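Here is a short tour of one model, written for a reader who likes cut-offs stated plainly. Please keep the viewer open as you read.

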Amino acid sequence: MRNDPSHTAVPERKITKQIADEFIICYFLFCNVACVYPKIICPIIIMNMRQEDVVPAIKFDPEVCVRCETVDCLMKCQYIEFACTSDAKAEKLKINAGENSRVLNECLTCYACQEYCPYNNNPFYLLVELQEEKEILPAPKPIVEEQLRMMSPKGRITQQKVRSPVVNMCAFPMLTGCVRGKLFEGASVISGNDIFCNIMWLHFAKNSAIRERVPKMIDNIMSFYLTDSKIDEMVCFHDECYGTYTSVAEAFGISVPFKPVHLFDYINRRLDELSDYIKPINEKIAYQRPCSNRLSPETDKMLDEIFIKIGAQRVPRKHDRENALCCGGVPRALQRDELADELVEKNIRDMLSTGAKYCVFNCPFCMATLGQEVAEHGLMPVLVSDLVLIALGE
Ligand code: SF4
Ligand code: SF4
């Protein structure tokens with residue numbers, strides 16, 4: 001059971017609006033009349049900006065880290081070595097103080113420390129905040145800029161009446177065909193860049209893109225689909241969307257007016273309704289847990305329930321659950337090919353050692369990264385939803 005200390009909601013950085021407002025008030029009430037400084041070097045504004053700059057915008061309590069004895073966030077990290085707990089603690093306290101730490105350079109952006117922290121103190125979001133502030137980009141700058149352009153909202157969204165269940169395919173419209181059969185009977189599918197969850201910027205040290213774009217995406221989901229159709233919940237086909245509208249939104253202080261439903265939760269409910277149709281699969285299945293599931297670790301147990309209901313065995317892999325390894329897709333995108341190859345190889349070797357017949361993915365990106373390798377090694381790559389459809393005889 002996770003501890004849940006009451007967080008200090010550290011004031012959000014509001015450089016743009018707040019400082020702009022203060023500047024206008026200051027200028028008209030005082031500066032315009034009496035100030036001797038040129039406005040561009042106004043000491044009040046500079047002081048204010050500096051103070052805002054060192055205050056993390058992420059919901060986080062530094063005192064919880066000071067008292068923390070295990071420093072699980074870093075001690076459990078599978079990609080960075082620490083000599084001992086005190087070494088890890090020293091690095092964590094540097095990050096909390098906004099100072100340079102080798103962690104900022106060595107982090108693979110696997111999201112796992114979000115799950116490892118027993119106090120929900122948002123270590124990964126804070127780390128990304130500092131990477132961005134210090135311009136320590138995990139990927140070369142031109143790639144980050146290209147991605148920002150490519151994944152920007154396109155304004156091609158149109159009003160659509162939808163009906164429950166509304167399934168959000170995010171930026172994967174090519175996977176719309178997965179929403180089919182008895183499992184998704186009557187579902188409406190929504191997708192596209194204008195409702196892209198934007199969580200990927202955590203891999204690119206761009207919390208600012210999350211702050212700027214996620215509220216707009218939420219607004220699009222409401223105004224183009226849910227509000228008019230009087231629907232207040234949305235099934236997230238991808239863990240990333242669920243992580244955005246739950247964990248990220250909470251930590252970044254972004255309000256979400258609809259109820260996000262995790263795909264595993266939805267499938268479990270449908271399997272209860274469709275229990276008469278289930279034909280047990282009776283196969284050993286290796287699961288490739290995605291990084292984004294670290295943001296909603298409680299949903300991992302829901303997958304166990306699904307496996308039980310469809311009569312499949314989730315094989316005990318070394319690299320599953322808390323020890324899951326990145327599929328290799330992120331380091332590949334960050335141009336760290338050697339590490340990507342190593343992770344692919346470790347994952348495949350681990351799966352093969354279990355005697356599994358299928359490798360099941362819940363992340364289309366993981367499947368695109370590992371699917372072919374998995375198939376070449378004799379395992380059948382399949383998405384969770386497709387595996388369930390097989391169990392339902394489709
Ligand atoms: S982030 Fe969590 S695990 Fe890490 S030092 Fe702080 S309280 Fe401990
Ligand atoms: S995101 Fe992953 S690689 Fe980075 S510090 Fe956290 S656990 Fe380590």
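The shell around ligand 2 divides into nine nonpolar residues, one polar and no charged. Here Ala, Val, Leu, Ile, Met, Phe, Trp, Tyr, Cys and Pro count as nonpolar, Asp, Glu, Lys and Arg as charged, and the others, Gly among them, as polar. Among the surrounding residues are Cys 77, Cys 107, Cys 110 and Cys 113, where being near takes a heavy atom within 4 Å.

This is a predicted model, in which local features need pLDDT of at least 70 and side-chain atom pairs pLDDT 80 or more, while totals for chains, interfaces and linings use all residues. Residues are numbered from 1 along each chain, ligands are numbered from 1 in the order written, and side-chain values use heavy atoms, without hydrogens and water.

Now for the salt bridges (a side-chain nitrogen of Lys or Arg within 4 Å of a carboxyl oxygen of Asp or Glu).

| Pair | N to O distance |
|---|---|
| Glu 233 and Lys 259 | 4.0 Å |
| Arg 270 and Glu 273 | 2.5 Å |
| Arg 289 and Asp 300 | 3.9 Å |

Arg 289 and Asp 300 are 11 residues apart, and both are buried (under 20% relative accessible area; exposed is over 50%, partly exposed in between; 1.4 Å probe, protein chains only). Both also belong to a salt-bridge network that includes Glu 115 and Arg 321. Arg 270 is buried at 14%, whereas Glu 273 is exposed at 56%.

Definitions and conventions:
Helices (H or I, at least four residues) and strands (E, at least two) are DSSP runs, numbered from the N terminus.
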